[in-house]
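Subject: Structure for you to look at

Hello,

Here is the structure I said I would pass on.

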Amino acid sequence: MTAYDRLKIVRSSDRPQGHDFVEALFTDRFELCGDRRFAEDPAIMAGIGYLGDQVVTYIAIDKGKDLNDRMKKHFGCPLPEGYRKALRLMKQAEKFHRPVVCLVDTLGAYPGAEGEERGQGQAIAENILEMMGLRTPVLSVVIGEGGSGGALALASADRVYMLENAVYSVITPDGCASILWKDASRVQDAAACLHITAQDMVDFGVAEDIFREDFDRFDKMCGEIKTRLLCDLHALCAMSVPRLLEERYNRFRRIGIFEENGSIRQ
Amino acid sequence: MVKRFGLFSRRRVPRGVPFSDEEYEVTCSHCKKAFLRSVLLDSQFICPECGAYIRIPARDRIRLIADKDSFTEFDAGITSVDFLGFPGYREKLTKAKDATGELSAVVTGVMRVGGRPCAVYVMDSRFIMASMGSAVGEKITRLFEYATEMRLPVLGVTCSGGARMQEGIVSLMQMAKCSGAVKRHSEAGLLYCVLLTDPTTGGMTASVAMEGDITLAEPGALVGFAGRRVIEQTTGAELPKNFQTSEFLLEHGFADAILPREKMRETIALLLRQHGKEAV
């Protein structure tokens, strides 16, 4: 299967969305709203719930149920207030010493005038910066599209997992094709060149593991994901905070391939 | 971590002198008049004819800010690799290196301004639009790590087209890598001052360019996250003329001040003085 085939799969609307995963993964949930600065962004669906026996803060990007819902959620493209809501709840999780689980599925942050007026770049930057110092474990699962900075703002985490067909990219293949070749129809070539598949993420050290997809037995699949997340959470919760932060720092610190004085470093 | 000795004694591979006096012509993109580089250095790259701000090459920017002979370059031997075999990347890199004499899109090091020491990174728009890949990410990260260890403030002069797509997801991760180093520097109680210059966009805006304690912006510079064309195409909205300029940023609360070049040096010196590193 090519990268483009997977891109088409994750963009299909009959695929389970953020809200489906939230319902299947977390029990006894209480949803929380608003960034306490400007507004509520429904594209970010967040709250407190149980992952098995563990209380967690969950933060999911949701593309929406029907057309109306999708339009309200900008098809899963968060506004700055969405990222600030996510950050508020991460800080709250830090205060109450509970881990954070993020579910990522976005084409990217919403590209609109209102987003720019309210500091879309600054909102994402602040999330990344604060996540690098967040004193509680953070897990991120890319369940569909991991679109650029808009995804990284919820994925500067201790562990990142990819669903089997999920993709993660520095720019949408569509955007890449139109910038590079001035031809948006070459999205297939761009998808291949950008290396966006789950296996690519594991190869580059961007993700730890890949979750097999079985949407016909969705609850069973989510049960397996839950078991894995809980296992990793328990290990992370057992770490001292300085060690947790050190390992998170190093997780990103070692990513990069460059040449130094004639030899390749990676 | 590598053991380091003293502020200016970190062992580096020298690649010639940091500043050359080579004379060549630079054309003002506004009035299309050409000027000698030495003339523009005297005018701080403000067009003598029409007053437009001409983009400043990284080394010339440092020369305009730093005390004379105070700059020491770091990690000059780091350069990019086409590890994805991305179409056209190798050629782009060769062209950028030939055109600029640089090995990457950022120059890093330490300098003094008004006698006070400061770590500095300056991005160079002539090098693949100063997009941020592994080389840029590594150099900025090392600079912040050094500044944290040596308890130095950091000045970042940004311009960038965003993350370098020719390095795929690895370039996106540089945003988190650099931010991690910025966070440690910040938690050590040290000053990070950003000067946004034309153009600062995309992944740069969504990371290190917007993580400063103090954010300054050059007059009229383009600063934003999403591209103007993308926004127009996606939303069909008509955008104001000053959309995504420094002035727009100031108006919406995302910059502290517009900094004209005439004030650049003295303002940076003042901020360093206010943040307490002794003059040496």
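A:Arg253 and B:Glu138 form a salt bridge, with 3.0 Å between the closest N and O atoms; the term covers a side-chain nitrogen of Lys or Arg within 4 Å of a carboxyl oxygen of Asp or Glu. This pair crosses between chains, running from helix H12 (residues 241–253) of chain A to helix H4 (residues 134–150) of chain B. Helices here are DSSP runs of H or I with at least four residues, strands are runs of E with at least two, and both are numbered from the N terminus. A:Arg253 and B:Glu138 are both buried. Buried means under 20% relative accessible area, exposed means over 50%, and partly exposed is in between, with a 1.4 Å probe and protein chains only.

This is a predicted model, in which local features need pLDDT of at least 70 and side-chain atom pairs count only at pLDDT 80 or more, while totals for chains, interfaces and linings use all residues. Residues are numbered from 1 along each chain as its sequence is written, chains are lettered from A and ligands numbered from 1 in the order in which they are written, and side-chain values use heavy atoms, leaving out hydrogens and water.

Now the interface. In chain A, 52 residues are in contact with 55 residues of chain B, where contact means heavy atoms within 4.5 Å. The two chains bury about 4,500 Å² between them, and carbon and sulfur atoms give 72% of this. Buried area is the accessible area (1.4 Å probe) that two parts lose on being put together, summed over both. A:Glu116, A:Tyr249 and A:Arg253 supply 15% of the area that chain A buries against chain B, more than any other three residues.

How many salt bridges does the rule find across the interface of chain A and chain B? There are 5. One salt bridge between the chains joins B:Arg184 to A:Glu246, with the closest N and O atoms 3.0 Å apart. On the side of chain A that touches chain B, helix H6 (residues 120–131) of chain A gives the largest share, 8 residues.

The chains also meet through strands. Strand S9 (residues 258–260) of chain A pairs with strand S4 (residues 78–80) of chain B in the antiparallel sense, over 3 bridges; two strands pair if DSSP finds at least two bridges between them. A:Glu260 lies in strand S9 of chain A and stands opposite B:Ile78. Is A:Glu260 buried or exposed? Its relative accessible area is 11%, so A:Glu260 counts as buried. Among the residues that A:Glu260 touches are A:Arg265, B:Asp75 and B:Arg142.

Salt bridges that share partners join A:Arg253, A:Glu260, A:Arg265, B:Asp75, B:Glu138, B:Arg142, B:Glu145 and B:Lys177 into one network.

Two other salt bridges are within single chains. A:Lys91 and A:Glu94 come to 3.8 Å at their closest N and O atoms, and both lie in helix H4 (residues 80–95) of chain A, 3 residues apart, about one turn of the helix. A:Lys91 is partly exposed at 33%, whereas A:Glu94 is buried at 18%. In chain B, B:Asp21 forms a salt bridge with B:Arg63, the closest N and O atoms being 3.0 Å apart. The partners are 42 residues apart, B:Asp21 in the segment before strand S1 (25–27) and B:Arg63 in helix H2 (residues 58–65). B:Asp21 is exposed at 63% relative accessibility.

Regards

Terms used:
Lists of a residue's contacts leave out its neighbours within four places in sequence.
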